[in-house]
Amino acid sequence: MSIEIKQVRNKTELRRFVKFPIDLYKGDPYYVPGLIDEEMMTLSEDKNPAFHDCEAVYYLAYKDGKIAGRIAGIIVRECNRIHNERHARFGFVDFIDDAEVVDALFGAVTAWAKEKGMTALHGPLGFTDMDHEGMLIQGFDQIGTMAAIYNFPYYPQHLERMGFTKDQDWKEFKIWIPEAVPEKHLRIGEIVKKKYGLRILKFKKRKEIWPYARRIFETLNAAYAHLYGFTPLSPEQIDYYVKMYIPMLRLDLITLIVRESDDAIAGFAITLPNLSHAMQKARGSFFPFGFIHLLKALYSKPKIIDLYLMGVLPEYRGKGVNALIFNDLIPRYISLGSVYAESNPELETNNAIQAQWDYFRTEHHKTRRAFIKQI
């Protein structure tokens, strides 16, 4: 038996790279595949504006002529500058349970990172905070979500075997939808609106959200600036994500909190029906039939809600803006018959975001980890 590592150098090989985990996890009830074409765009230098600041390399591992693993090496120059580090990232990593395959994949990325002058390798991380982050270390019996990685239990075991250690953890929660908005939230919301001159903004038509689309991501830049591994999105990256995501959003599950004085976005929540089962049925392809499953799920009365993106400007953090957001969304969830929400990954050190769940019934059901190793 022999292991061969090949660098991905063209679109045909890149498509094999993208499709490998769909084959690896075939039949697994918990794995949720992404969309092949979307990941192809993310990994293509001529499509993804992140490459203005990043460089990357992709490797496939072959065992006896058959693909057995994949890995990306990524350097985000702006993140290294901000944190005064020389770190390379690994991401988009999947492999069979074979130590030789794993060692060969990580050996290739480590050698590449050293050639680039890097001193540590950490991940799984992507080009931006919009990409998947963190390797699942707890919750292997829970179905994945569109926004997060699912992986087999042997993945972190191999990382630890190779000497990788914890760098950061994310927690995920199930948050049960209450029968009514908590009374304290209602009181806080009214106080916050009057004290800071804020209002709730909703949309009925797609064209109404477009004037706010770029500003949502600008607020995200400010809200996420202090978080692990975050690099502010450039104007080009914002345009990229606006075009990719805004047309797919469900308007009644979006809430903006804006300042009455200047219409600035003080906080926002982009939530979606959980699309996990629809993504499984689509098996990575929007066409010919994948879009039917996705659209049906998107406009359903969902039992599960995904809290996809939330952010509050730093000057309003801890002042009740989150209560104002949920005062608007909870009645909508109740009317849809939703049972619980998936928080998606929250940094374990982000006490403020986790404190907002204190008034709800919750279950911590998944944990994921970014590993690190000096090289």
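Modeller: Before we start: "buried" means a residue has under 20% relative accessible area. And keep in mind that this is a predicted model.

Colleague: Got it. Which residues of α7 are buried?

Modeller: There are several, including Ile209, Tyr212, Ala213, Ile216, Phe217 and Leu220.

Colleague: And what covers the buried residues of α7?

Modeller: Among the elements covering them are the strands β8 (198-201), β9 (254-259), β10 (265-273) and β11 (304-312), plus the helix α8 (235-245).

Colleague: Where does α7 bend?

Modeller: At Tyr212, by about 45°. Tyr212 is also one of the buried residues of that helix.

Colleague: Switching to rings. How many aromatic pairs does the structure hold?

Modeller: It holds 30. Take Tyr25 and Tyr31: their ring centres are 4.3 Å apart and their planes are at 15°, so that pair is stacked.

Colleague: Are those two buried or exposed?

Modeller: Both Tyr25 and Tyr31 are buried. They also belong to a cluster linked by ring pairs, with Phe95 and Tyr150 among the other members.

Colleague: What about Phe287 and Phe291?

Modeller: That pair is tilted, with 5.7 Å centre to centre and 50° between the planes. Phe287 is exposed, at 60% relative accessible area, while Phe291 is partly exposed, at 26%.

Colleague: Last one: which residue lies over the face of Trp176?

Modeller: Arg361 does, at 3.9 Å from the ring centre. Over at Tyr62, the charged end of Lys6 sits over the ring, 4.8 Å from its centre.

Methods: Residues are numbered from 1 along each chain as its sequence is written. This is a predicted model: local features need pLDDT of at least 70, side-chain atom pairs count only at pLDDT 80 or more; totals for chains, interfaces and linings use all residues. Side-chain values use heavy atoms; hydrogens and water are left out. The bend at a residue is the angle between axes fitted to the seven residues ending there and the seven starting there. Helices (H or I, at least four residues) and strands (E, at least two) are DSSP runs, numbered from the N terminus. Buried means under 20% relative accessible area, exposed over 50%, partly exposed in between (1.4 Å probe, protein chains only). Contact means heavy atoms within 4.5 Å. Rings of Phe, Tyr and Trp (its six-membered ring) pair if their centres lie within 6.5 Å; planes under 30 degrees apart count as stacked, over 60 as edge-to-face and the rest as tilted. A charge sits over a ring if NZ of Lys or CZ of Arg is within 6 Å of the ring centre and within 35 degrees of the ring normal.
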